[in-house]
Amino acid sequence: MNSRTATSLPATCVPWYQALGSRFATLWVAKMIGTTVGISGFFSIYFWVMHNPPSEPTVMPLTLLDHWVGVSDEAMLLYGSLWFYISLPPAFAKDWAGLRACARDAAFIAGAGLAVFWFFPTTVPAFAVDWAQYPSLMFLKNADAGGNAFPSLHVAFAVFTAVLLERQLREVRAPSWVRMLNVLWAMGIVYSTLATRQHVLLDVLGGTLLAAVVSRAGTTRARLAWNEA
């Protein structure tokens, strides 16, 4: 097969992992800088809002599920993996348009969540847990005291990332096991927010709703752009 024939092959003939590799290499400097600046800027505002609430935070109520999910030190690994997980959709954006859409929707989630944190500050209950028995979680509790509870942006970003990755994996025709791994990863992060006692069920539901609204709006915009093209 000569080079002219090879370049004329349709995109569907490219293996999914090669297609993802090609996307990863596209605009990689902008993606790396943008993701780093975005996450750093978010954390700066997040912690400032948490430590400077304009009013006394409301303690979020517990549900039966909150009592049922046990505390897990190992869940810290899943909880922390979010910050790698959310970097995947921008890394696999195929062009500037996709990268801008990802950044715009992520910024909207962050902005909406931070606005709620400011105007309606919340915190998780003081759980009767001896954190000394959970070294990883004790570190987390010292760094993040459990404020900015509702909606859970940890959950919102996990669900939003799962939706974006599902679209990208479908576009490159990734196998079902890879797409299922994406879903399981997101579910694991959602579970970890409860198992680390950083959030309660109502926070999880709020974060899921926020991600669903933003993802739905993003899908609608993408369809309109496609129809106008």
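**Overview of the salt bridges.** The structure holds four salt bridges, a salt bridge being a side-chain nitrogen of Lys or Arg within 4 Å of a carboxyl oxygen of Asp or Glu. This is a predicted model, in which local features need pLDDT of at least 70 and side-chain atom pairs count only at pLDDT 80 or more, whereas totals for chains, interfaces and linings use all residues. Residues are numbered from 1 along each chain as its sequence is written, and side-chain values use heavy atoms, with hydrogens and water left out.

**View 1. The salt bridge of Arg23 and Glu171.** The two side chains meet with an N to O distance of 2.7 Å. Arg23 belongs to helix 2 (residues 16-25) and Glu171 to helix 10 (residues 153-171), so that distant parts of the chain, 148 residues apart, are linked; helices are DSSP runs of H or I with at least four residues, numbered from the N terminus. Arg23 is buried, at 10% relative accessible area, while Glu171 is partly exposed, at 47% (buried: under 20%; exposed: over 50%; partly exposed: in between; 1.4 Å probe, protein chains only).

**View 2. The salt bridge of Glu166 and Arg170 within helix 10.** The closest N and O atoms of this pair are 3.4 Å apart. Both residues lie in helix 10, separated by four residues, about one turn of the helix. Glu166 is buried, with a relative accessible area of 17%, and Arg170 is partly exposed, with 45%.

**View 3. The salt bridge of Arg179 and Glu166.** Here the closest N and O atoms are 2.5 Å apart. Arg179 lies in helix 11 (residues 176-195) and Glu166 in helix 10, so the pair ties together parts 13 residues apart in sequence. Arg179 is partly exposed, with a relative accessible area of 28%. Through shared partners, salt bridges join Glu166, Arg170 and Arg179 into one network.

Methods. Helix = DSSP H or I, 4+ residues; strand = E, 2+ residues; numbered from the N terminus.
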